[in-house]
Amino acid sequence: MEVNEKNTLFYFCLFLIFQTKSFSLIEVDITRGNLDPLPVAVSPLFSDEQTHSDLKKKLNINDLGLEISKVVENNLRQSGLFNPLNKDAFLQKPDIAHLKPRFEDWALIKSQALITGKVILKDDKLRVEFRLWDVLAGKEMLALAFTTVPKNWRRIGHIISDKVYERLTGEKGYFDTRIIYVSEEGPKTQRIKKLAIMDQDGFNNKYLTLGNELVLTPRFSPTNQMVTYLSYFRNLPRVYLLDIETGIQEVVGDFPGMTFAPRFSPDGNKVIMSFAKDGNSDIYTMDLENRIVERITNHPSIDTSPSYSPDGKYITFNSDRSGYQQIYVMKSDGSKVKRISFGNGLYGTPVWSPRGDLIAFTKLHKGRFYIGVMRTDGKGERLLTENYYQEAPSWSPNGRVLIFYRETKTDSDGKGFSAKLWSIDLTGYNERLIDTETDASDPSWSSLLTN
Amino acid sequence: MYKNIIASSGLHLGVIILATLSLPFISKKPIELPPLISVELIQITDQTNIPYAPKAKKIIEKVKKKQEKLISEQAPPKKVKKEKPKEILKISKKNEIVQDNAKAVPTPDKNKEKIKKPKEEAIPLPDKKTDEVKRKEETKQNPSKEKKLQKKIKKIQEEQKPKLEDAKVKQVSEFEKKEIFDPQNIAALIDKSKEEMGETTKKSDKITQSQDKNMEFSGLTLSEEDALKAQIFSCWSIPLGLPYNENLLVRIKLKLKPDGSVIKTEVLDHARMNKPGESFYKVLAESAIRAIQLCQPLRVPTKGYERWKDLQLNFDAREMIGG
């Protein structure tokens, strides 16, 4: 027994000696990395012969699996965070890859993540399975299956993109969303403006109004399929509500004058807007359930472009009460008004980020227009893009990307004018044109359609 | 009278025409909404049972076999844990004796109780817990204490065997002063000592001069560190969607082979990986592990394996993301 005890003591001392060695564990700080987009491989989804021919008959699409993978690939590339690899480089065909992929083959083409999947048609329902693999660790990171009607296959592509994005970046995606905008046609002096809606990637474009009257500033409700916008119906500019599902539209509130710059509250229960009378405009809200109208600001200056914070406790708006147009923040009852923009130039169209940390704005300085963001206390102003004319930023639901519109100059003949939608992410690097059939302005991003 | 009727009907007609012309929504069909999509979760595990593609199967199995070998070499069996309670008891008894000499420590009875209770808990604890304990202990140690201890050990080593016994007692008492209030740590330490027992018996019995030097100068030289850093900088793709204003530090402990290839990676703040609201941390940790896997074999110095066989990499994205 005693020997045993001695032994233990001996070992214990040895361990202490060893322990001091591991005290001096070498630490190396890695503070830099590359900011290149993550290389991912999106293998075309596999479908067997039967499904293949059935789908071809139904949708007139040759290879649906390939098409879905293209949707995913395009979404990931647009985000600027991923670099989908060229399919020609793939060593494994989809019929093998959808089983357990051979990771060596994918690592060889420098892919770090791999998306595989399978398309099945069963009882006229489309079932799409997909798996996300960590190529380097040889591990499965995510696997989901979706069932829907075959016509809906593009959305499945978007949902897969969202899931992959969320798993690999840690924040929610924004691909299964739609954008409402004003479609513009005709010469500049006689523009026909219609409300239009499309998927976030520009597909499934549809028109919501016929273009009989001027429409402006459509805004999506954050909670449902309602849109609020400004229409010059019978030449009286007023804020309207439009239910996309039913097509019913109505005037918001009964104001004796012009209402404009509408926006929903984050819970979707209120519309906040400006009401102008005798050259003075103030901010009002209307509760959509009980129709009660409330006046928020009361100042002889022009207060407009209100936007709620995502928790609904604050409102940001712009006002010229200091002499120039600047951005202000106040509590949602109109108290504690505080100016937050102090830079050179004019600031307008403030929009609170869905993440709550930033406010996006348009800035006019020395004849140039900038889209930028600042923190909610006005600090940390960053200008993301600069151009001849651009405005009206709208946030993606995850608060990472801004969509806005940009107009080009008309030349001396009055030609060459165009208005297009652009998106830019918070880094300021990933600027992209969003293709639309017609000219487009005043975009507004919907929230995620799923969940 | 007629005039009135004409005026009235004309007005009505006008209203109707106006309404049909300028209220196109009345006649407009509602837009078709995309139908619902039902989502099904497929359960995933670390080990997938999805069938292999015929070609890939053989190769993967080969690789697996290799990996199994590696694992069995390096990971000690967990049965060891069962012996823990006895050991602690003995140690604590020894400590009591020492503490009487040292005087500075609270009464032994209390300690005994303290140590006993957590012991019982410590046995069935899953691996994670012990990991956490290890971590705590690591962060506690500060460099000045380290140096003191190192000096002490040197002294001990220079002295002859009978004196070594005394030194041990001293060590124990000092150890106790620090750690006695957190008895769980002891359990963890002992666990560790068991793990590494094989190596210690071999190596620390004889202390050669070269090893002695290594102990004095531990750490990589600047150029060695730079080489390693530069290599990993190029492999690490920082996830671009990370939030700013967050703690973006991931500490990863590595076990290396002499050629620089990685035997084992361990994320030190493992608990944070699955914390709700910190999903970005998991993403960051995964990116760091990917970087290590992509980079291996690591560019480590050719000499002095003992020094860097355990290596800790602190991946810090704040500089890159926060700005």
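Modeller: Let us begin with a definition: helices (H or I, at least four residues) and strands (E, at least two) are DSSP runs, numbered from the N terminus. By that rule chain B has 13 helices and 4 strands. This is a predicted model, in which local features need pLDDT of at least 70 and side-chain atom pairs count only at pLDDT 80 or more, while totals for chains, interfaces and linings use all residues. Residues are numbered from 1 along each chain as its sequence is written, and chains are lettered from A and ligands numbered from 1 in the order in which they are written.

Biologist: Why is Glu140(A) called buried?

Modeller: A residue is buried if 20 or more other C-beta atoms lie within 10 Å of its own, exposed if 12 or fewer, and partly exposed in between, with C-beta atoms placed from the backbone. Glu140(A) has 21 other C-beta atoms within 10 Å, and therefore it is buried. This residue lies in strand E6 (residues 139-148) of chain A.

Biologist: What makes helix H11 of chain B mostly covered?

Modeller: Of the 17 residues of H11(B), 12 are buried, among them Phe280(B), Tyr281(B) and Ile292(B). What covers the buried residues includes helix H6 (153-169) of chain A, together with helix H10 (222-235) and strand E2 (249-256) of chain B. In chain B as a whole, 20% of the 323 residues count as buried.

Biologist: What length is expected of helix H11 (residues 279-295) of chain B, and what does the model give?

Modeller: The expected span of a helix is 1.5 Å times one less than its number of residues. For the 17 residues of H11(B) the expected value is 24 Å, and the helix reaches 25 Å from its first C-alpha to its last, which is close to that.

Biologist: Why is helix H3 of chain A called oblique to H6(A)?

Modeller: Two packed helices are described by the angle between their axes and the distance between the axes. Axes are lines fitted to C-alpha atoms, for helices over the stretch in contact, and angles run from 0 to 180 degrees between N-to-C directions. The axes of H3(A) (residues 64-79) and H6(A) come within 9 Å and cross at roughly 45°. That makes H3(A) oblique to H6(A), because angles under 35 degrees count as roughly parallel, over 145 as roughly antiparallel, 65 to 115 as roughly perpendicular and the rest as oblique. Where they meet, the residues in contact (C-beta atoms, placed from the backbone, within 7 Å) include Leu64(A) and Ile68(A) in H3(A), and Trp153(A) and Ile156(A) in H6(A).

Biologist: How many bridges join strand E7 of chain A to E30(A)?

Modeller: There are 5 bridges between strand E7 (residues 178-185) and E30(A), which run antiparallel, and Glu184(A) stands opposite Asp439(A). Strand E30 (residues 439-445) of chain A is mostly covered, with 7 of its 7 residues buried.

Methods. Contact = placed C-beta atoms within 7 Å. Pairing = 2+ DSSP bridges.
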